[in-house]
Amino acid sequence: MKKLVIFDLDGTLLNTIEDLGQAANYGLERNGYATHSMASYPYFVGNGVRRLMTRVLPEDARDDETVDRVLGDFMEYYDEHCTDFTKHYNGMPELLQDLRDMGVTMAVASNKYQKAVEKIIPHFFPDINFIAIEGHREGVNVKPDPSVVFAILAKAGIAKADTLYVGDSGVDMETARRACIDSVGVTWGFRNMKELVEYHANVIVNNPVEILGIVENGITLS
């Protein structure tokens, strides 16, 4: 049985895409750039907010000064509106409650900046005592660098073999691979099954309840 489950946030625990898109469009519009449809944002996100700003800007406007300016406006808006449209994925609150009742330790590893993660997770999961809620901090590489996973493992005091990483993207699967822990790819998030297969997810699930069986029975790295 797995003792620790590390969850990605955006596209795994919560559907955050509209709040992210609204904040990005606010930053773009405020600086005179064209905005994007909400449908395009799942392909922009996944590598942290600075990379998001780079992707949404025109190619000839991706200099550091412009990215910094738009990012500042994005964060000003997102800090205030990050829970406006965000919602649970169906079955996710129940999964976390079941894992809690089984005595499984849980943590969050996100590329979203730390201040936002610390606001969003307690807002949507007030009854879950995550051992760690880790977002991006200055000076720490974003996923797929496994540093955030190593920090969680150290804090939890749980072995890699007893740990499961759950995420919705190739970035997440690569993070788990680099950390040498088992991975579960979920199909309800921002990326498709093809990406999860290409990045060698150990198991792919279509419903949160399937994760319970994996936690109970374990899987072996291929």
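This note walks through some features of the structure above, point by point.

1. First, the ground rules. This is a predicted model, in which local features need pLDDT of at least 70 and side-chain atom pairs count only at pLDDT 80 or more, while totals for chains, interfaces and linings use all residues. Residues are numbered from 1 along each chain as its sequence is written, and side-chain values use heavy atoms, with hydrogens and water left out.

2. Let's begin with the helix pair α2 and α3. Helices here are DSSP runs of H or I with at least four residues, strands are E runs of at least two, and both are numbered from the N terminus. The two helices α2 and α3 pack at an angle of about 115°, and their axes are 9 Å apart. Axes are lines fitted to C-alpha atoms, for helices over the stretch in contact, with angles running from 0 to 180 degrees between N-to-C directions. The pair α2 and α3 is therefore roughly perpendicular; on this scale, under 35 degrees is roughly parallel, over 145 roughly antiparallel, 65 to 115 roughly perpendicular and the rest oblique.

3. The crossing of α2 and α3 is right-handed, a term used when the near helix is turned clockwise from the far one by less than a right angle, with anticlockwise giving left-handed. On the α2 side the contact is made by V49, R50, L52, M53 and T54, and on the α3 side by D64, V67, D68, V70, L71 and F74. Contact means heavy atoms within 4.5 Å.

4. What do the side chains of R50 and D68 form? They meet in a salt bridge, with an N to O distance of 2.6 Å. R50 belongs to helix α2 (residues 49-56) and D68 to helix α3 (residues 64-81), so this pair ties together parts that are 18 residues apart in sequence. A salt bridge requires a side-chain nitrogen of Lys or Arg within 4 Å of a carboxyl oxygen of Asp or Glu, and by this rule the count comes to 16. R50 is partly exposed at 35% relative accessibility, and D68 is partly exposed at 40%. The classes are buried for under 20% relative accessible area, exposed for over 50%, and partly exposed in between (1.4 Å probe, protein chains only).

5. Helix α7 (residues 170-179) is worth a look for E174, which takes part in a salt bridge with R177. The N to O distance for R177 and E174 is 2.7 Å, and these residues lie three apart, about one turn of the helix. E174 also meets R178 in a salt bridge, at 2.9 Å from N to O; R178 and E174 are four residues apart in α7, again about one turn. Buried or exposed: which is E174? E174 is buried, with 13% relative accessible area, whereas R177 is partly exposed at 47% and R178 is partly exposed at 41%.

6. Another group of charged residues is D8, K143 and D172, which are linked in a network of salt bridges. P144 sits in the loop between β5 (132-136) and α6.

7. C180 has a positive phi of about 65° and is found in the loop between α7 and β7 (182-186). H200 likewise has a positive phi, near 65°, and its place is the loop between α8 (193-198) and β8 (203-205). C180 is partly exposed at 47% relative accessibility, while H200 is exposed at 56%.

8. How many disulfides are there? The count is zero, where a disulfide would be a pair of cysteine sulfur atoms within 2.5 Å. As for individual cysteines, C82 is buried at 1% relative accessible area.

9. Finally, here are two pairs separated along the chain. K155, in helix α6 (residues 147-156), is exposed at 52%. K155 and I131 are 24 residues apart in sequence, with their C-alpha atoms 7.7 Å apart in space; leaving aside neighbours within four places in sequence, K155 is in contact with I131 and A132. N217, in helix α9 (residues 209-217), is exposed at 64%. N217 and K2 are 215 residues apart along the chain, yet their C-alpha atoms are separated by 7.8 Å.
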